[in-house]
Amino acid sequence: GGDKINELDIQGVGMTSQRTRDRLIDRLQDKGIVNSDVLRVMRLVPRHLFVDEAMASRSYEDASFPIGHGQTISQPFIVARMTELIMQSESLENVLEVGTGSGYQAAVLGGLVKNLHTVEVVTELHRNARDLLYKLGYRNIRTHLGDGSWGWEEAAPYDAIMVTAAPDEIPSALIQQLKIGGRMIIPVGAQNSEQKLQVVTRNNETNYSVENHESVIFVPLVGG
Ligand code: SAM
């Protein structure tokens, strides 16, 4: 009833305090995040609006949370790490995210790159993220509904691609949609086990190289 809503409002106000967010940023730095642009943007994005209201009071913990449909909003450290890995090429003009989910990672990227396209396969998650990102004023983010294991051909090629769900193998369509010299950050490995975060660089028309980074646990990339 009404009391519950007021309680959430009060918690919400607490969560918007800059000190709460600053503590998360301190924690990310303690864990080794060094890119000052990434830290600056993550200090600004209101993560409490991207989680379920019932979770809002915990939204600045360095943890992942359920967002419905068996999906999750990624842990801030992983968001920061993947963003740091993608931001190594300067001035990214056209970027693709696969797996919009809550839209939080998209908001972080939206603060750093010129144009972001993000694809989500679950209709309701797509709609929620689209509406929230619009309400928050992001005009350089285009949200799309579809199976992102085929990328998003209409806006290709991309300077960078970030995949936030894990396929067993790197989908070749995504490599094809990278510019020469472009990079993709993607967790790769079997479901229900640890995956490896990989950085894939497209060297030329036919050749790409793969660097392995830390182990992560993501929900599976469906379709393909
Ligand atoms: N980036 C999200 C965020 O910031 O909240 C977290 C992503 S969540 C771990 C993975 C998302 O990928 C889910 O929303 C899931 O529905 C979506 N997904 C899974 N397979 C997909 C596919 N083939 N195409 C597009 N989205 C997919």
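How do the residues of the lining of the second largest pocket divide into nonpolar, polar and charged? There are 15 nonpolar, 13 polar and three charged, with Asp, Glu, Lys and Arg counted as charged, Ala, Val, Leu, Ile, Met, Phe, Trp, Tyr, Cys and Pro as nonpolar, and the others, Gly among them, as polar.

## The model

This is a predicted model, where local features need pLDDT of at least 70, side-chain atom pairs count only at pLDDT 80 or more, and totals for chains, interfaces and linings use all residues. Numbering runs from 1 along each chain as its sequence is written, and side-chain values use heavy atoms, with hydrogens and water left out.

## The pocket

The ligand sits in the second largest pocket, meaning more than half of its atoms lie within 2 Å of the pocket's grid points. A pocket here is an open set of points on a 1 Å grid over the protein atoms alone where a 1.4 Å probe fits, with protein on both sides within 12 Å along at least five of seven lines; lining residues have an atom within 4 Å of a point.

β2 gives the most to this pocket's lining, with three residues; strands are DSSP runs of E, at least two residues, numbered from the N terminus.

## Around the ligand

A shell of 27 residues surrounds the ligand, and Ser 102, Glu 120, Asp 147, Gly 148 and Val 222 are the closest; to count, a heavy atom must lie within 4 Å. β2 again supplies the largest share, three residues.

As for individual atoms, Ser 102 has a side-chain N or O atom 2.6 Å from a ligand oxygen. Glu 97 puts a polar side-chain atom 3.0 Å from a ligand nitrogen.

How values were computed:
Helices (H or I, at least four residues) and strands (E, at least two) are DSSP runs, numbered from the N terminus. A polar contact is a pair of N or O atoms within 3.5 Å; within protein, one must be able to donate a hydrogen and the other to accept it, and residues adjacent in sequence count only if both atoms are side-chain atoms.
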